[in-house]
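Please read it with the structure open.

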Amino acid sequence: MRMLVNAEGEVDLRIPLGYPKAEVLAFVNANHDWLLKRRSEVLARQQEARQSVLIRGRELPFKSSALDEFMVAEQAVWVPEGWTPAQTQQALDNWLRGQARHEYPQMIERWWPFFSQFDVRRPQLRIKKMRTRWGSLSQRGYINLNLALMQLPTELMELVVVHELCHLRHFDHGAGFKALMTQCLPDWKQREQQLNQLSRCLL
């Protein structure tokens with residue numbers, strides 16, 4: 001069984017088919033305190049999200065603009081006066097996607113000379129909004145990268161890209177995968193700790 005709280009504060013409980021109801025209730029009751037704490041954190045983040053946003057590891061405040069144009073600047077994100085949160089989020093997603101279409105291929109290109117030595121096919125990039133993962137690699141030849149990576153510092157974006165590219169050689173997280181990660185990024189475990197901390201805020 002698996003239980004999580006999504007970005008909207010909704011509880012997502014995943015149960016194997018045919019699992020006894022009594023054991024499901026026992027699982028929920030055992031995790032009751034965690035659930036309340038996690039939901040409070042999500043609701044608090046929703047409140048904070050209305051005031052600022054993380055972009056490339058920097059927290060930028062939202063500011064009202066008299067101009068009828070959404071703009072991400074060096075010190076703030078300017079939002080046309082009167083826009084709803086939904087309009088702001090859509091404009092932000094569009095801006096992030098535009099940046100991602102430039103940044104993600106560049107990051108893959110930077111690392112591809114190393115991974116091409118393994119005689120593997122270069123994966124096709126797909127940019128997606130994902131709630132529980134930063135990235136994934138499919139056996140059909142796609143590397144899926146979360147749009148929210150654009151909110152991370154460059155070194156953590158690189159960690160995710162390298163992680164997925166390492167799966168071209170090792171599809172699991174065993175010793176071979178870890179050795180390859182260390183060969184690519186000797187400090188990957190420290191970066192992973194930083195990423196895990198941000199995951200609670202951004203996923």
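1. A hairpin connects β5 to β6 through four residues; strands here are DSSP runs of E with at least two residues, helices are runs of H or I with at least four, and both are numbered from the N terminus. β5 and β6 pair in the antiparallel sense over two bridges, where two strands pair if DSSP finds at least two bridges between them. V72 has V77 in β6 as its bridge partner.

2. On provenance: this is a predicted model, in which local features need pLDDT of at least 70 and side-chain atom pairs count only at pLDDT 80 or more, while totals for chains, interfaces and linings use all residues. Residues are numbered from 1 along each chain as its sequence is written, and side-chain values use heavy atoms, with hydrogens and water left out.

3. β3 and β4 (residues 58–65) run antiparallel and are joined by four bridges, and I55 has R58 in β4 as its bridge partner.

4. F62 stands opposite V77 in β6.

5. E69 is located in the loop between β4 and β5. Leaving aside neighbours within four places in sequence, E69 is in contact with W78 and P80, contact being heavy atoms within 4.5 Å. E69 and M130 are 61 residues apart in sequence and 27 Å apart in space, C-alpha to C-alpha.

6. An open sheet of three strands has the order β7-β9-β8, again with mixed pairing. β7 (124–128) and β8 are at the edges, each with a single partner strand, so one side of each has no neighbour in the sheet. On average, neighbouring strands of this sheet are turned by 15° against each other, direction ignored. β8 and β9 (residues 142–146) run antiparallel and are joined by three bridges, with G135 opposite L145 in β9.

7. Two helices lie across strands of the three-stranded sheet. α3 lies across β7 and β9, at about 145° to β7, and α4 lies across β8 and β9, at about 155° to β9.

8. How do α4 and α6 pack, and at what angle? Helix α4 (residues 154–166) and helix α6 (residues 188–202) make an angle of about 105°, with their axes 10 Å apart. That makes α4 roughly perpendicular to α6, a label for angles of 65 to 115 degrees; those under 35 count as roughly parallel, those over 145 as roughly antiparallel and the rest as oblique. E155, L156, E158, L159 and V160 in α4 meet W188, R191, E192, Q194, L195 and L198 in α6. By class, this contact has six nonpolar, one polar and four charged residues; Ala, Val, Leu, Ile, Met, Phe, Trp, Tyr, Cys and Pro count as nonpolar, Asp, Glu, Lys and Arg as charged, and the others, Gly among them, as polar.

9. The second largest pocket has a volume of about 360 Å³. A pocket is an open set of points on a 1 Å grid over the protein atoms alone, where a 1.4 Å probe fits, with protein on both sides within 12 Å along at least five of seven lines; lining residues have an atom within 4 Å of a point. Grid points are joined across faces, edges and corners, and a volume is the space filled by probe spheres set on the points. Of the 17 lining residues, W134, G135, H163, E164 and H173 are the closest to the pocket centre. β8 (135–137), α4 and α6 each supply at least two residues of the lining, which by class has seven nonpolar, seven polar and three charged residues.

Definitions and conventions:
Axes are lines fitted to C-alpha atoms, for helices over the stretch in contact, and angles run from 0 to 180 degrees between N-to-C directions.
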